[in-house]
Amino acid sequence: MAVKSLSALAFPAIFSSMLVAEVFYLGWICNEVKEQSLKISTDAYKILWYNEDKGVAVLLQMMIMRAQKPLTMQMGPFGPMITDTILSTMKAAYSYTTLMLNARE
């Protein structure tokens, strides 16, 4: 009987921890995409575009202008998927779970 009760507790704990880990991992990757997209303009400027041909200089200037706005991935109704959004979503889920557990008692 003790083994069944232990396995009944272990599965939800492992499953929920894997879900949390997956959400944080995806949030971290999306945040890195945003951070790296902001570095594109700095790196393009370091090419010394003003010493290049007119066509190359125009293309690099357009790339620098486009890179001023960060590339973000949307997370449904929550907005851009960055670290702050992930943390606030997890805090809300934790609060909701705590309230539901307290209501059952």
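Guide: Begin with the order of elements. This is a predicted model, and from the N terminus on its elements run α-α-α.

Visitor: How many helices and how many strands does the secondary structure come to?

Guide: The count is three helices and zero strands. Helix α1 covers residues 2–45. Helix α2 covers residues 54–66, and helix α3 covers residues 83–104.

Visitor: Which element has the lowest mean pLDDT, and which the highest?

Guide: Helix α3 has the lowest, at 81. Helix α2 has the highest, at 90.

Visitor: Next, overall shape. What radius of gyration does the protein have, and what would a compact globule of 105 residues have?

Guide: Set the two values side by side. A compact globule of 105 residues would come out near 13 Å, but this protein has 23 Å. Then take the spans along the principal axes. The C-alpha trace extends about 80 × 30 × 15 Å.

Visitor: What share of the residues is buried?

Guide: Buried residues make up 18% of the 105 in the protein.

Visitor: Let me try single residues. Why does S41 count as buried?

Guide: Compare its relative accessibility with the cut-off. S41 counts as buried because its value is 9%, and buried means under 20%. S41 is found in helix α1.

Visitor: Which residues does S41 touch, leaving out those up to four places away in sequence?

Guide: S41 touches I64, A67 and Q68. For a distance, take Q61: S41 and Q61 are 20 residues apart in sequence, and their C-alpha atoms are 8.9 Å apart in space.

Visitor: Is S37 buried or exposed?

Guide: S37 is buried, at 8% relative accessibility. This serine is also in helix α1. Beyond four places in sequence, S37 touches A67, P70 and L71. A67 is also touched by S41.

Visitor: What about N31: which residues does it touch beyond four places in sequence?

Guide: N31 touches M81, I82 and T83. N31 lies in helix α1 and is buried, with a relative accessible area of 14%.

Visitor: Why does A93 count as partly exposed?

Guide: A93 sits at 36% relative accessibility, so it counts as partly exposed. The class runs between 20% and 50%. A93 has its place in helix α3.

Visitor: How far apart are A93 and L59 in sequence and in space?

Guide: They are 34 residues apart in sequence and 45 Å apart in space, C-alpha to C-alpha.

Visitor: One last reading. Of contacts with a separation of 6 or more, what share joins residues 24 or more positions apart?

Guide: The share is 57%.

Terms used: Residues are numbered from 1 along each chain as its sequence is written. This is a predicted model: local features need pLDDT of at least 70, side-chain atom pairs count only at pLDDT 80 or more; totals for chains, interfaces and linings use all residues. Side-chain values use heavy atoms; hydrogens and water are left out. Helices (H or I, at least four residues) and strands (E, at least two) are DSSP runs, numbered from the N terminus. The radius of gyration is taken over C-alpha atoms; the globule rule is 2.2 Å times the number of residues to the power 0.38. Buried means under 20% relative accessible area, exposed over 50%, partly exposed in between (1.4 Å probe, protein chains only). Contact means heavy atoms within 4.5 Å. pLDDT is the predictor's confidence in each residue, from 0 to 100.
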